[in-house]
Amino acid sequence: MGLIKCKVHGESGVVPFVSKRLSDKIAISGIHSFKDFTVLEVIFYDGDDIFCNDKYYLLNDEVPSEIIKNKPILIHNDEDEVNLNTLVGRSFLGGGCCIKCFNNFMKSLTYSK
Ligand SMILES: [Zn+2]
């Protein structure tokens, strides 16, 4: 896990797959509901076995129409990974979020609008 310099918490762990725009909104407490963003589950396979499992956090309008929400994205090979990067990779440039800020953010959320 990498480190990030947080204005609130100083040097801290980083949640890597938080889009730049979502991260900016978290920093100004601009998101209050689970409805305001999308969590994509990405499952990486090594052969038939699950190798690892990540969650990608994006604003709703950053999720391309090719991606079906609420369905995990399955990565079986390099081509799948390249396709995913082509679809959403740009959103994560400059993104990532301090893990403490992110935990506070998740605790602050409601399920209603
Ligand atoms: Zn922080």
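**Stop 1: the zinc site**

Select the zinc ion and its donors: Cys6 (SG), His9 (ND1), Cys98 (SG) and Cys101 (SG) coordinate the metal at 2.1 to 2.4 Å. Keep in mind that this is a predicted model. Check the angles next. They run from 106 to 114° among the 4 donor atoms, and the site is tetrahedral. Along the chain, the donors follow the spacing C-x2-H-x88-C-x2-C. Now pick out His9 and Cys101. His9 sits in the loop between E1 and strand E2 (10–15), Cys101 in helix H3; the pair links distant parts of the chain, 92 residues apart. Is His9 buried, exposed or partly exposed? His9 has 28% relative accessibility, so it counts as partly exposed.

**Stop 2: the largest pocket**

The pocket holds about 460 Å³ of space. Colour by element: strand E1 (3–6), helix H1 (20–27), strand E6 (97–98) and helix H3 (99–108) each supply at least two lining residues. Colour by class instead, and the lining shows 10 nonpolar, 8 polar and 3 charged residues.

**Stop 3: the second largest pocket**

Which residues line the second largest pocket? Select Glu66, Ile67, Ile68, Lys71, Ile73, Leu74, Ile75, Asp80, Asn83, Leu84 and Leu87. Strand E5 (73–75) and helix H2 (78–88) are the elements that give two or more residues to this lining. H2 provides the largest share, 4 residues. The volume is about 170 Å³. By class, the lining has 7 nonpolar, 1 polar and 3 charged residues.

**Stop 4: the aromatic rings**

Show the aromatic side chains. The count comes to 8 aromatic pairs. Start with Phe34 and Tyr111, which are stacked, at 4.5 Å centre to centre with 25° between the planes. Phe34 lies in the loop between H1 and strand E3 (37–46), and Tyr111 in the segment after H3, so the pair ties together parts 77 residues apart in sequence. Phe34 is partly exposed at 26% relative accessibility, while Tyr111 is exposed at 67%.

Move to Tyr57 and Phe102. Their ring centres are 4.8 Å apart and their planes stand at 70°, so this pair is edge-to-face. Tyr57 belongs to strand E4 (residues 49–59) and Phe102 to helix H3, so the contact ties together parts 45 residues apart in sequence. Both Tyr57 and Phe102 are buried.

Finish by selecting Phe34, Phe37, Tyr57, Phe102, Phe105 and Tyr111 together: ring pairs link them into a cluster.

Note on methods. Residues numbered from 1 in each chain as written. Predicted model: local features only at pLDDT ≥ 70, side-chain atom pairs only at ≥ 80, totals over all residues. Heavy atoms only, no water. 1 Å grid on protein atoms, 1.4 Å probe; cavity = no way out; pocket = protein on both sides within 12 Å on 5 of 7 lines; lining within 4 Å. Points joined across faces, edges and corners; volume = space filled by probe spheres on them. Nonpolar A, V, L, I, M, F, W, Y, C, P; charged D, E, K, R; others polar. Donors = N, O, S within 2.8 Å, 3.2 Å for Na, K, Ca; no water. Tetrahedral: all angles 85-135°; square planar, octahedral: opposite > 155°, others 65-115°. Buried < 20%, exposed > 50% of the residue type's maximum accessible area, 1.4 Å probe, protein only. Phe/Tyr/Trp six-rings, centres within 6.5 Å; stacked < 30°, edge-to-face > 60°.
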